[in-house]
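Keep the structure open beside the text as you read.

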Amino acid sequence: MPQPKRKVIISCAVTGAIHTPSMSPHLPVTPAQIIQQSLEAAEAGATILHLHARDPETGRPTQDPDAFRAFLPQLKQATGAVLNLTTGGSPHMTVEERMRPAAELKPEVASLNMGSMNFGLYPMLGRFTDFKHDWERQHLENSRDLVFKNTFADIEHILKIGNANGTRFEFECYDTSHLYNLAHFVDRGLVKAPFLVQTVFGLLGGIGAHPEDVAHMKRTADRLFGDAYIWSVLGAGRNQMAVIAQAAAQGGNVRVGLEDSLWISPGKLAESNADQVRKAREILSGLSLDVATPDEAREMLGLKG
Ligand code: KMH
Ligand code: ZN
């Protein structure tokens, strides 16, 4: 009997909090830009939109729930894509600040970062030198001495808020220890199957993006979670497409978007998030894989809809 074809969830992380506006004219910053690029990405096949907000004047990341309210209703109205709000915000923010949009706006999905870590943005200082705003240079320079704080108490607090609101999570795991942290919360009954594990590769401070790193994260997650989890990957910067290709070939789901990489090919900036979604689709199609619709993803992940 022919097996039903596996459907792959494409997440698109539209703007994030790592890259700054001077790095690319295509990075969406204002609510209108975030709406336009999100809708184009969904149209191109993105199943889940992972969303951050920015101050429209300076482009600086903000977790003010009103900044999310400036684009969420329009997105809800215009697309069926699953909307996923960050609780990572920017690693420069406090956890209290970071969790406000998810706590107040009760999305279907929110991200949850599974451990504290160094967050090395400063290597970008070598590549990008011309900044329109002072905060951009400081954002990179300060990352030499930056700990992205996600203690067990922080994680538990966000988990309990999400569980009370019917919000499910994109569990961001930047290293094997984060998978073990997640297993701890599964053991305590605070995380229930099926859950989405977003393994993150190639960020300085986390695991690398070598094929062995990808294989090792998958092996470890398989051993810890069996079939209770849905695996997705993202590769930072130049690793983006190689990492998704490897994972897609091994049963994984994929994340792209200008949060994770500004590029579409070596030395060429992506002109939009949709560009990267289209490229991910080409890779999937080359592997004879179909993309999951938002409703299929809701079913796979047990979302409230
Ligand atoms: N920026 C990423 C590598 C979050 O928003 O919670 C992971 C992320 C964090 O998307
Ligand atoms: Zn994010």
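Helices (H or I, at least four residues) and strands (E, at least two) are DSSP runs, numbered from the N terminus. With that in hand, here is a backbone detail to find: just after helix α9, Gly-226 takes a positive phi of about 55°.

Please keep in mind that this is a predicted model, in which local features need pLDDT of at least 70, side-chain atom pairs count only at pLDDT 80 or more, and totals for chains, interfaces and linings use all residues. Residues are numbered from 1 along each chain as its sequence is written, while chains are lettered from A and ligands numbered from 1 in the order in which they are written.

A residue is called buried if 20 or more other C-beta atoms lie within 10 Å of its own, exposed if 12 or fewer do, and partly exposed in between, with C-beta atoms placed from the backbone. By that count, five of the five residues of strand β7 (residues 109-113) are buried, so the strand is largely enclosed by the rest of the structure. In a regular strand the side chains alternate between the two faces of the sheet. In β7, Val-109, Ser-111 and Asn-113 point one way, and Ala-110 and Leu-112 point the other way.

Two strands pair if DSSP finds at least two bridges between them. Strand β6 (residues 82-85) pairs with β7 in the parallel sense over two bridges, and Leu-85 has Ala-110 of β7 as its bridge partner. Strand β10 (residues 168-173) also runs parallel to β7, joined to it by five bridges. There, Phe-169 of β10 stands opposite Ala-110.

## Around ligand 1

Which residues are around ligand 1? Being near a molecule here means that the C-beta atom, placed from the backbone, lies within 6 Å of it. The residues around ligand 1 include Ser-111 and Asn-113, along with Thr-86, Thr-87, Gly-88, Glu-172 and Glu-259. By class, the shell has four nonpolar, six polar and two charged residues. In this scheme Ala, Val, Leu, Ile, Met, Phe, Trp, Tyr, Cys and Pro count as nonpolar, Asp, Glu, Lys and Arg as charged, and the others, Gly among them, as polar.

Helix α9 (residues 211-225) has 15 residues and, at 1.5 Å a residue, should span 21 Å; its end C-alpha atoms are 21 Å apart, which agrees. The expected span is 1.5 Å times one less than the number of residues. Asp-213, Val-214, Met-217, Ala-221 and Phe-225 of α9 are buried. Seen down the axis, these buried residues fall within an arc of 100°, so they line one face of the helix. The arc is that of the directions from the helix axis to the C-beta atoms. On the other side of α9, Pro-211, Glu-212, Arg-219 and Arg-223 are exposed. The cover over the buried residues of α9 includes α8 (176-187), β11 (195-201), β12 (229-235) and α10 (240-249); contact here means C-beta atoms, placed from the backbone, within 7 Å.

In helix α6 (residues 134-141), the buried residues include Glu-136, His-139 and Leu-140. They cover an arc of only 90° around the axis, which puts them on the same side of α6. The face turned away from that side carries the exposed residues Asp-134 and Gln-138, and what covers the buried residues of α6 includes α5 (124-127).

## Helix α7

Is Ile-158 buried or exposed? Ile-158, found in helix α7, has 23 C-beta neighbours inside 10 Å and therefore counts as buried. Not counting residues up to four places away in sequence, Ile-158 touches Thr-87, Met-99 and Leu-112. Asn-163 also lies in α7 (residues 152-165), but with 14 C-beta neighbours inside 10 Å Asn-163 counts as partly exposed.

| C-alpha pair | Apart along the chain | Separation |
|---|---|---|
| Ile-158 and Glu-96 | 62 residues | 9.5 Å |
| Asn-163 and Glu-141 | 22 residues | 36 Å |

## Backbone exceptions

Most residues other than glycine have a negative phi, and most peptide bonds are trans. Lys-106, however, has a positive phi near 45° and sits in the loop between α4 (95-105) and β7. Ser-288 has a positive phi of about 60°, in the loop between α11 (273-286) and β16 (290-291). The peptide bond from Ala-193 to Pro-194 is cis, with omega near -5°, and Pro-194 lies in the loop between α8 and β11.

Note on methods: Contact = placed C-beta atoms within 7 Å.
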